[in-house]
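Please keep the sequence and the coordinates at hand while reading.

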Amino acid sequence: MAEADETIRRHGFALPPFAYWSPGSFAEKADEARHVIDSRCGWDITDYGKGRYDEMGLFLFTLRNGRLGDLERGRGMCYAEKLLISKQDQLSPMHTHVIKAEDIINRGGAPLIIELYGSDDAGNFAEDKGGTVMCDGILRPYAPGEKLKLMPGESVTLMPGDWHAFWGEGGEVLIGEVSTVNDDETDNVFREPIGRFSDVEEDVAPTHLLVSDYARRLG
């Protein structure tokens, strides 16, 4: 958390005030912060359950997130926004989404590499399927397994069924994600049998809560 906060500040970005609430303050403000809790906004750090964070992992902070019911109705708060940090060669493994469409944006730092594959008619990973992808609003074809290099300021739009993995090339990358409503509990489909959230054994008292702490600590 401390490293990520320093990286975010270095790039001139400011997190919202609730990012810095202590666990006790969060519990005291749980009623007024019910939307933050229910939509799982906040700190999120994962090693995908493999225990090799520097090799396969991701830092995330969900800044805002809407409601799935609004998305289903087609009106209301149908959007979400995140900040992510990918370290040099730190893999966010091959996955897709059933519902979520997203723009992945290089907000600053090193180049961001995104490896792309398409899906079969059932939405499953298809090693021989390419397709089309939109980069900064420009449609372009991609071959199966093609690796896009996004420089700072560049972006790619991924639709449900677009399989993708990504990592920083030559350094750390601050990434923006703007998407439809985000559901990290059910809408991440990984190619390999891995978990989205990590079990954390705290060796010190937590400074701030992770989104995965909310159900246990805040109800």
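Which residues form one aromatic cluster? The members are Phe18, Trp21, Phe26, Trp43, Phe59, Phe61 and Tyr214. The model is predicted, so local features need pLDDT of at least 70 and side-chain atom pairs count only at pLDDT 80 or more, while totals for chains, interfaces and linings use all residues. Residues are numbered from 1 along each chain as its sequence is written, and side-chain values use heavy atoms, with hydrogens and water left out.

A pair of aromatic rings is described by the distance of the centres and the angle of the planes. Rings of Phe, Tyr and Trp (its six-membered ring) pair if their centres lie within 6.5 Å; planes under 30 degrees apart count as stacked, over 60 as edge-to-face and the rest as tilted. The structure contains nine such pairs. One of them joins Phe18 and Trp21 edge-to-face, at 6.5 Å centre to centre and 70 degrees between the planes. Another, Tyr117 with Phe125, is tilted, with 4.8 Å between centres and 55 degrees between the planes. Phe18 and Trp21 are both buried (under 20% relative accessible area, with a 1.4 Å probe and protein chains only), and Tyr117 and Phe125 are buried as well.

The strands (DSSP runs of E, at least two residues, numbered from the N terminus) include eight that form an open sheet in the order β1-β2-β3-β13-β5-β11-β8-β9, with antiparallel pairing; two strands pair if DSSP finds at least two bridges between them. Because β1 (42–46) and β9 (138–142) stand at the edges with a single partner strand each, one side of each is left without a neighbour in the sheet.

Strand β6 (residues 112–119) pairs with β10 in the antiparallel sense over four bridges, and Ile113 stands opposite Lys149 in β10.

The largest pocket holds about 240 Å³ of space. Of its 13 lining residues, Met1, Val200, Glu202, Pro206 and Leu210 are the closest to its centre. A pocket here is an open set of points on a 1 Å grid over the protein atoms alone, where a 1.4 Å probe fits, with protein on both sides within 12 Å along at least five of seven lines; lining residues have an atom within 4 Å of a point. Its volume is the space filled by probe spheres set on the points, which are joined across faces, edges and corners.

How values were computed. Buried means under 20% relative accessible area, exposed over 50%, partly exposed in between (1.4 Å probe, protein chains only).
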